[in-house]
Amino acid sequence: MTSSLCKQAGIPHHEQLNSRRDFLARAGMGFGALAYGGLAQGSMIAPPTAQHAARAKSVIFLFMEGGPSQLDTFDYKPLLNKMAGKPLPESFKEPITAMGEKGSPILAAPRTWKRHGESGLWVSELLPHTAQHADELAVIHSLWGNGINHAGGMMQMHTCTPLAGRPSLGAWVTYGLGSENENLPAYVVMKDANKPLASGARNYGSGFMPATYQGTLFQNKTGEPLLNLAIREGESSARQQEKLGLLQQFNREHQQGRTQQSELDARIRSYELAFKMQASAPEAVALEEETAETLALYGIDQKETETYGKQCLLARRLVERGVRYIQLYHGAGSRWDSHSKIEQNHPKLCREMDRPVAGLLTDLKQRGLLDDTLVIWGGEFGRTPMSEQGNGRDHNPTGFTMWMAGGGVKGGQTIGATDELGLYAVEDKMHVSDFHASILHLLGLNNMELTFQYQGRPERPTINEGRFNKKLIGG
Amino acid sequence: MIETTIPGKTNSDTFEPAFLQVLGGEAAAIVKPAKATESTGRRTALAEWIARADNPLTARVMVNRIWQYHFGQGIVSSSNDFGSLGTKPTHPELLDWLAAQFIENGFHLKPLHRMILLSSTYQQSPMHPQSAEYELVDAENNYLWRSRIRRLSAEEIRDSMLYLTGELDLKLGGEGIKDDHNRRSLYFRVMRNSPVSFLHTMGAPEGIKSAPTRYIATTAPQALLMMNGEFTYQRAQKLSESLQEVSDPAAFVTQLFLSTTGQPQTESQLEEGLTFLNSGLEAELNSRRIDFCHVLLNSNLFLYVD
């Protein structure tokens, strides 16, 4: 029907019917969510739970914040040392650098490189423990993105576009698949330091989708992973019970005669669920239940690896309990950002995370969890072969490395390649949107079919781009 | 006259300013304002076009938005999208009539609010004697045969609590505030990297993209925030303090119910309240009064209107 007022004025206001599904009955509601109000008709088009067979059930994203150098870790370029001190050959397109240093000479990567495992993957001496898992890793050398600074790079690696405002990948996954444990958030975020990330909470935000799909930042205090989880100091649990009893009594009386309003019922249940969480969430993070061998496996017995080791171990415990998507930041506060003195920076940061990451892979494997858990390693971009300030490397979003393991991914392979100096991705280029589409695919979601209606547009996690790279599963 | 070209294209043609083709595409008459000498006058032309009396779209969008705030859902539920992908109006004639009234009243908002709030539709009860029958026809109550419950928005919850305790600072205008002020939530500075925790948990949007409506999710983390968080408990303390003079427990319960829920308590509520206050030791009385306030601030009686 067209409005008569608009018709008179000759202004169209067409309408078409949107199908409204009963998403209230569905699992994909986000953390502890029991009801929604205020959604326009058809604004959520609940995705079919399995769009195709899922290979992975959960994701652990090991995020190296600041941009680790591919040239010092996984992307072996012998030419780098031969050309050290010389300018970038003229055959290379002149790169745009974040800090704007022009014509800087090539910086050597003084590393020993070896082939590892049966697959013979190249891994540098900086990652001896990760190297032992070479046959599990699918190392993608040809990532590229559009964000040249940290804010844009972080935004894109999390939300697919350098501009803020879209839901993060974890939010899309939570929306698409929901949680398997209603007592814990489906999407958990942990940082190795209490420092802000570039672009902050937007990296795990829900953008234009309801806030329940956003990541929940676990607090660093052990025992109280979630904000407001513990009973207020000075309140006994008996008193809290008594108060909850009275509250629920009032709420049930209020509900009488308003029974059509499912929201009120949901709110009564939200207090019951909160009460259950107070018991189950601390249990999930109780590392004291772990054996000394396990702690050592993650490097928790050593100062340098203790912090990230604990987080990696927590990630395994959360995966065991059905948490869907876990983002673990190493180097929070852009510590990987080595514009100068990369020789001091990278060896130290690699030591901090190498054993914990390797320990996580070993542990997941020995517990039979690796098949269902997709582990991802990398940062918002890589680094340049040219030097910056004489002994550092600038940002490089034009060709960098990330790896995946587990979750149905075929290990012991490399995908794509950069040029001979590791500056530009040249072979089998994988844009961040392809990378996201691939992660979604492994989880059983199709990046073009998973949609959320916003402002009259069916929005997709990878906008309208992104293709699954079949090589990840050996195709 | 400034020429309009496509940025970055050196040899492109120039364009004449015009309005959206889908809305008619007429050319814009640009008049350089006499007073603002720096201005080309283009935005003034756009503003005048948007607000002109014979453009019903602006009035329809505006009255729909006001309706949405009062009823929890607009007559057009996709309130940012009246286009071909938007939803149908549930009451198209009403929307047109309200828009016409709004234009007639010179685009003043107060008469519009008054008209909506004094309507029998707004004043309906959530209970309906024939609800079983009506449910079969319109289970979602799109045709408003009864009132719709509406949870207060995040900002309304915070502001209402501060208002109840007498702490709310109603100063108008001025600089944005940080977390530790008692001014209306409207005045919070929006730091997009670190949102205000209370508002964010209760569902305030991120402040990056336009939010046509509030998603009111009901979640367990909200229950944790309201029960264990400091802000709500501190308001309960202040609320109890403000009733220090009222020593009679029954009067205490009665006054609290009136102020937090806007209606007198029922007999059973009074009884339950008194039982809670009078349990335990004499020394506990003060903490029980605070806890009773805390329970009421958590209750649906306070958080929902219908």
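Trainee: Is B:Phe107 buried, exposed or partly exposed, and how is such a label read?

Mentor: The label rests on a count of neighbours: a residue is buried if 20 or more other C-beta atoms lie within 10 Å of its own, exposed if 12 or fewer, and partly exposed in between, with C-beta atoms placed from the backbone. B:Phe107 has 13 other C-beta atoms within 10 Å, and is therefore partly exposed. The model is a predicted one, in which local features need pLDDT of at least 70 and side-chain atom pairs count only at pLDDT 80 or more, while totals for chains, interfaces and linings use all residues. Residues are numbered from 1 along each chain as its sequence is written, and chains are lettered from A and ligands numbered from 1 in the order in which they are written.

Trainee: Where is B:Phe107 found, and what is its phi?

Mentor: B:Phe107 is found in the loop between α3 and α4 (109-117) of chain B, and its phi is near 60 degrees, a positive value in a residue other than glycine. B:Leu144, which is not a glycine, also has a positive phi, of about 55 degrees, and its place is in the loop between α5 and β1 (150-151) of chain B. With 17 C-beta neighbours inside 10 Å, B:Leu144 counts as partly exposed.

Trainee: Which label does B:Asp248 carry, and where is B:Asp248 found?

Mentor: B:Asp248 has 9 other C-beta atoms within 10 Å and is exposed; its loop is the one between α9 (230-242) and α10 (249-261) of chain B. From C-alpha to C-alpha, B:Asp248 and B:Ala53 are 59 Å apart in space, and they are 195 residues apart in sequence.

Trainee: What does the radius of gyration say about chain B?

Mentor: Chain B comes to 13 helices and three strands. Its radius of gyration is 25 Å, well over the 19 Å that the rule gives for 306 residues, so chain B is more spread out than a compact globule. Along the principal axes, the C-alpha atoms of chain B fill a box of roughly 85 × 50 × 35 Å, and 33% of the 306 residues of chain B count as buried.

Trainee: How many residues of chain B are in contact with chain A, and which element gives the most?

Mentor: Two residues are in contact if their C-beta atoms, placed from the backbone, lie within 7 Å. By that criterion 67 residues of chain B are in contact with 67 residues of chain A. Helix α8(B) gives the most to the side of chain B that touches chain A, with eight residues. By class, that side has 28 nonpolar, 26 polar and 13 charged residues, where Ala, Val, Leu, Ile, Met, Phe, Trp, Tyr, Cys and Pro count as nonpolar, Asp, Glu, Lys and Arg as charged, and the others, Gly among them, as polar.

Trainee: How many residues of α8(B) are buried, and what covers them?

Mentor: Nine of the nine residues of α8(B), residues 220-228, are buried, so the helix is largely enclosed by the rest of the structure. The cover includes α7 (262-284) of chain A, together with α7 (197-201), β2 (216-219), α9 and α12 (285-298) of chain B.

Conventions. Helix = DSSP H or I, 4+ residues; strand = E, 2+ residues; numbered from the N terminus. Rg over C-alpha atoms; globule rule 2.2 N^0.38 Å.
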